[in-house]
Amino acid sequence: MERLQKVIASSGYCSRRKAEELIVEGKVKVNGKVITELGTKVDYNDTVLVNGKPLNNKEEKTYYLLNKPRGVVTTVKDEKDRKTVMELIPNDKRVYPVGRLDYDTTGVLILTNDGELTNLLTHPKNHVEKTYIAKVEGLVMKQDLEKLCNGVIIDGKKTSRAKARIKKMDKKTNHTIVELVIYEGRNHQVKKMFEAIGYKVLKLKREKFSFLSVSNLKSGEYRLLSVKEVKKLYSEVQK
């Protein structure tokens, strides 16, 4: 027996958090009965309907690693009709991006139909390490990096502790290359963190997501994650 929200998430329908919302809203039925209580346990042989449609519990799990290029939005559909990351991978599987990268941000992006893993990787309590390389306008001072490491206020809330180091400083062009490691996934977080200490991000790349990198992938290229990599991702967030 498994919790209903976990069964929904495991099917790839949505994340566990979204599944919980659907249950509370009365949009889930089990064997013909509307279920609104979180924590209800079901068997995989039970008939589960979400928004009136049967849940496919046997959907094959798929995991893509994409080197997201600039000028592409991290969403399934875009109301402005811009190119989305979904156009860069095969369309025979219903997968979703794990988190988001800004329109002009490049680098590591995972796409999957594994709602359970998506929830684990994006939940703040799991502190998944994300490494960014930022090209910043101006010459970044050491004391300012310390502020980033200790946490800065963005959107009225202090960021968690981070790691930061200068990779390169160019006085002629007046810019600094900074490596920043964060453990959250807030909206436009890296850009806002630098803005909070008085610097503008000119270029941003997510270098690593946990242990995954796209060093062997060209911009716009993707590959499937191996079974070993998927297991390692699960182990990283279930410590």
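1. Asn67 stands opposite Val108 in strand β9. Strand β7 (residues 63-68) pairs with β9 in the antiparallel sense over 6 bridges; two strands are taken to pair if DSSP finds at least two bridges between them. Strands (E, at least two residues) and helices (H or I, at least four) are DSSP runs, numbered from the N terminus. The model is a predicted one, in which local features need pLDDT of at least 70 and side-chain atom pairs count only at pLDDT 80 or more, whereas totals for chains, interfaces and linings use all residues. Residues are numbered from 1 along each chain as its sequence is written, and side-chain values use heavy atoms, with hydrogens and water left out.

2. Strand β8 (residues 96-97) pairs with β9 in the antiparallel sense over 2 bridges, and Tyr96 stands opposite Thr112 in β9. Strand β15 (residues 200-209) runs parallel to β9 and is joined to it by 3 bridges; the bridge partner of Thr105 in β15 is Leu204.

3. Is strand β9 enclosed or open? Of the 8 residues of β9 (residues 105-112), 8 are buried, so the strand is largely enclosed by the rest of the structure. Buried means under 20% relative accessible area, exposed over 50%, and partly exposed in between (1.4 Å probe, protein chains only).

4. Thr74 lies in the loop between β7 and β8 and, at 5% relative accessibility, counts as buried. The side chain of Thr74 reaches the backbone oxygen of Leu101 at 2.8 Å. Contact (heavy atoms within 4.5 Å) links Thr74 to residues including Lys68, Val85, Pro97 and Leu109, when residues up to four places away in sequence are not counted.

5. Gly138 is placed in the loop between β10 (130-137) and α4 (142-150). Its relative accessibility is 11%, so Gly138 counts as buried. Gly138 touches Asn174, His175 and Thr176, not counting residues up to four places away in sequence. The C-alpha atoms of Gly138 and Ile177 are separated by 9.9 Å, the two residues being 39 residues apart along the chain.

6. A nonpolar core is a set of buried Ala, Val, Leu, Ile, Met, Phe, Trp, Tyr and Cys residues joined through side-chain atoms within 4.5 Å. The largest has 32 residues, and Leu111, Leu180 and Phe194 have the most contacts inside it. At least two residues of this core come from each of β7, β9, β10, α4, β14 (175-182), α5 (189-196) and β15. Another core, of 18 residues, lies apart from it, with Tyr63, Leu65, Leu217 and Leu225 among its members.

Key: A polar contact is a pair of N or O atoms within 3.5 Å; within protein, one must be able to donate a hydrogen and the other to accept it, and residues adjacent in sequence count only if both atoms are side-chain atoms.
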